[in-house]
Structure formats: structure tokens, C-alpha cells
Amino acid sequence: MAHHARAKAHTNIALSKYWGKRDNDLILPMNGSLSLTLDAFHTTTEVRFVEERGIDTVVLNDQPLDASAAAKVSRFLDRVRELKGVDWRAEVRSYNEVPTGAGLASSASAFAALAAAASQALGLELSERELSILARKGSGSASRSIFGGFALWQAGHDDQSSYAYPLQSPLHDDIAMLVVVINAAHKPVSSREGMRRTVETSPYYPAWVDDAEQRLGEMKQAVVEGDFTRMGELAEMSAMRMHASMLAAEPPFCYWESGSLQAMQTVRELRAQGHQCYFTMDAGPNVKIITRTSELAVLKRALAATVGEQALLTARPGPGIVVENC
């Protein structure tokens with residue numbers, strides 16, 4: 001029997017942010033979050049299980065993964081093997097169409113694709129909810145990349161109650177995201193370390209959690225009702241408040257660069273002129289602009305003058321996970 005499958009998953013960008021874990025092993029979040037899956041960035045992963053014991057091999061973009069990252073993949077695969085009750089070694093080959101470690105959600109698409117391919121290769125018949133729970137244990141945001149379009153990851157109270165689910169929205173066909181790539185290099189403070197430091201040392205963090213849960217309900221309502229303006233306002237607010245909690249950590253840290261600030265200011269100026277656009281930022285210097293499809297040309301012209309046209313990437317709502325046997 002061939003134990004071989006392939007999966008393709010797209011990245012997602014949180015509009016209502018998740019920042020901080022209450023359980024590092026299971027990756028249970030301090031607060032829920034809501035995201036938009038994008039068509040422009042994705043990961044394709046093949047997993048083959050061999051019916052013998054041994055060391056897993058992991059290749060990313062035709063290069064062997066470094067020992068630390070490969071060990072993380074193996075630990076995740078142990079969870080999948082445990083579900084099946086086998087100890088077979090795995091051969092993993094992945095292609096990442098996302099800059100890694102730059103705040104563009106590469107881990108979301110990576111672990112969503114890995115979870116889907118590995119479970120399919122072992123013949124596990126997981127529901128979308130079960131697959132979301134499994135993907136979450138590799139990367140929290142991967143729970144949302146199981147689904148296309150808008151998805152909400154509820155914080156839950158334990159392993160089985162913390163999962164994502166899709167949201168239908170009138171905004172789906174008219175929303176776009178312009179990604180301003182300020183710096184695609186690996187960020188100096190990883191998301192994992194940044195979360196840990198913020199949770200443990202920032203005096204602003206408890207207020208962030210309380211506010212994030214309240215605003216998540218408002219964001220869900222705006223998305224479901226198709227209120228673009230309120231959705232954009234809440235997305236911008238969520239990003240700014242999340243980064244404020246990092247600035248108050250010990251030692252403080254900041255992902256922004258000068259180009260990030262310039263892009264944010266350009267968005268504010270365009271909005272003052274009547275254009276529908278709002279920014280959001282994750283753990284990295286790159287700025288994501290939420291806008292209407294009809295506004296893309298104006299935004300591109302304005303931003304190309306400051307950051308260059310080559311730094312601009314356009315995305316629309318993307319599909320959910322796609323899985324196939326090989």
C-alpha cells in the first residue's frame with residue numbers, strides 16, 4: 001500500500017490578531033482570532049511514510065531543513081503517527097511560495113499542508129474540524145488555513161474546543177489585500193519568542209487579551225454583515241494594540257522598519273482623501289493593506305512611488321486546503 005499524499009494550503013492574514021499562548025505544547029491561544037486566507041501565497045507538501053523505523057527526512061524548496069526545524073516537523077509527525085498507531089518514518093518534501101520568517105504567515109500554510117498530507121498518507125479520515133485541531137498543534141494560525149476566505153479560530157478551553165471554522169461574508173467577492181514587502185528577510189525575533197516575551201513581561205498584555213476577545217465579536221459581526229469600514233477599523237486597531245503590547249515588553253522589541261511607517265502613513269493619507277483602505281501588520285515589517293478591488297490601482301500608484309512597484313504583491317481571498325493521494 002502506498003502511504004503517500006500531497007496537500008496545498010494557502011497562507012492567511014489575521015484581521016483580528018492572535019498573540020500569546022496559554023498552553024505552549026497544544027498551542028492553545030489566549031484569545032480568538034479572525035483571518036482572511038489569501039490566494040497569492042501557498043505551500044505544497046508531499047509526505048510519504050515508509051513502513052520501517054528511522055529518521056524522518058525533511059526537504060524544503062529542494063534543500064534539507066536545518067536540524068532544529070526538522071526536529072519540529074518530526075515532533076508534529078509524531079502526533080499524526082500516534083493517531084494511526086504506527087511508528088513509520090516519513091519523507092517530507094515541501095515547496096513554500098511564501099518568504100519564510102518575514103511575517104507573511106509561512107508557518108500557517110506550511111503546517112496546514114503538512115497536517116493534511118500526513119493524515120491523508122496514513123489513511124486518517126479527519127473532518128475539517130479535526131484537521132484544524134491537528135494543524136493548530138504545529139502552528140496556531142495553521143488552524144485557519146484549512147479554510148478558504150474568512151475563518152474564525154475560537155480560543156476554546158481545551159484541545160478539542162480550540163479550532164477554526166469558515167465564515168460566509170458579502171465582502172468575499174470585493175475584498176483585496178495589497179502586501180507591501182518592506183523586508184522579506186528572516187525577522188530577528190521569532191513569533192514564538194515574541195509571544196513568550198510579551199505574555200511574560202508586558203504590563204499591557206492582560207488588557208490586550210480582554211480587549212481582543214471583545215473586539216473579535218465585533219469583527220465577526222462586521223464580516224458576516226459585510227461592513228467593510230468597521231472591519232477595516234477593527235483590523236487596524238487590532239494590529240496597533242498588539243504591537244503596543246510588544247513595545248511594553250522587557251526587553252521591548254519592535255518589528256516595524258522605516259518603510260513600514262511610511263506605508264502606514266500613505267494608507268492614512270489615502271483614506272483621508274476618501275479611499276477605502278486600512279492596514280494591518282503581523283510579526284514582521286511588512287504591511288498588508290485591506291481594500292476594495294476597485295481601489296487597488298490607486299493604492300499601487302501611491303505606494304509604488306515610495307517603496308517601488310516590485311515590493312507590491314496583490315492577493316484576493318484564497319481557497320481552502322486541497323489534498324490528493326500520490
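Here is a guided walk through the structure, from its strands to its helices and then to a few individual residues. Please keep in mind that this is a predicted model.

β1 pairs with strand β4 (residues 33-50) in the antiparallel sense, and 11 bridges join the two.

Ile-27 sits in the loop between β2 (21-23) and β3 (28-29). Its phi is positive, near 55°, in a residue other than glycine. With a relative accessibility of 3%, Ile-27 counts as buried, because the cut-off for that class is under 20%. Asn-61 belongs to the loop between β5 (57-60) and β6 (63-64). Asn-61 is not a glycine either, yet its phi is positive at about 50°. Its relative accessible area is 36%, so Asn-61 is partly exposed.

Next comes an open sheet of four strands, in the order β11-β12-β10-β13 and with antiparallel pairing. The edges are formed by β11 (277-281) and β13 (312-315), each of which pairs on one side only. On average, neighbouring strands of this sheet are turned by 25° against each other, ignoring direction. Five bridges connect β11 with β12 (residues 287-292), and these two strands run antiparallel. Within that pairing, Tyr-278 has Ile-290 of β12 as its bridge partner.

Which helices accompany this sheet? Helix α6 (residues 228-247) packs on the sheet and touches β10 (175-180), β11 and β12. The direction of α6 makes about 30° with that of β11. Helix α7 (residues 258-272) lies across β10, β11 and β12 as well, running at about 160° to β11.

The loop between α6 and α7 holds Pro-251. Follow the backbone from Glu-250 to Pro-251 and you will meet a cis peptide bond, with omega near -5°. Another loop residue worth a look is Ser-202, placed between α4 (191-201) and α5 (205-225). At 5% relative accessibility, Ser-202 counts as buried. Leaving aside residues up to four places away in sequence, Ser-202 touches Arg-197, Ser-245, Ala-248 and Ala-249.

We finish with a pair of helices. Helix α2 (residues 106-121) packs with helix α3 (residues 128-136) at an angle of about 120°, their axes 9 Å apart. That angle makes α2 oblique to α3. The crossing of α2 past α3 is right-handed. On the α2 side, the contact is made by Phe-111, Ala-112, Ala-115, Ala-116 and Ser-119, while α3 contributes Leu-131, Leu-134 and Ala-135. What kinds of residues make up this contact of α2 with α3? Seven are nonpolar, one is polar and none is charged.

Key:
Residues numbered from 1 in each chain as written. Predicted model: local features only at pLDDT ≥ 70, side-chain atom pairs only at ≥ 80, totals over all residues. Heavy atoms only, no water. Pairing = 2+ DSSP bridges. Axes fitted to C-alpha atoms, helices over the stretch in contact; angles between N-to-C directions. Contact = heavy atoms within 4.5 Å. Parallel < 35°, antiparallel > 145°, perpendicular 65-115°, else oblique. Left-handed = near helix turned anticlockwise from the far one by under 90°. Nonpolar A, V, L, I, M, F, W, Y, C, P; charged D, E, K, R; others polar. Buried < 20%, exposed > 50% of the residue type's maximum accessible area, 1.4 Å probe, protein only.
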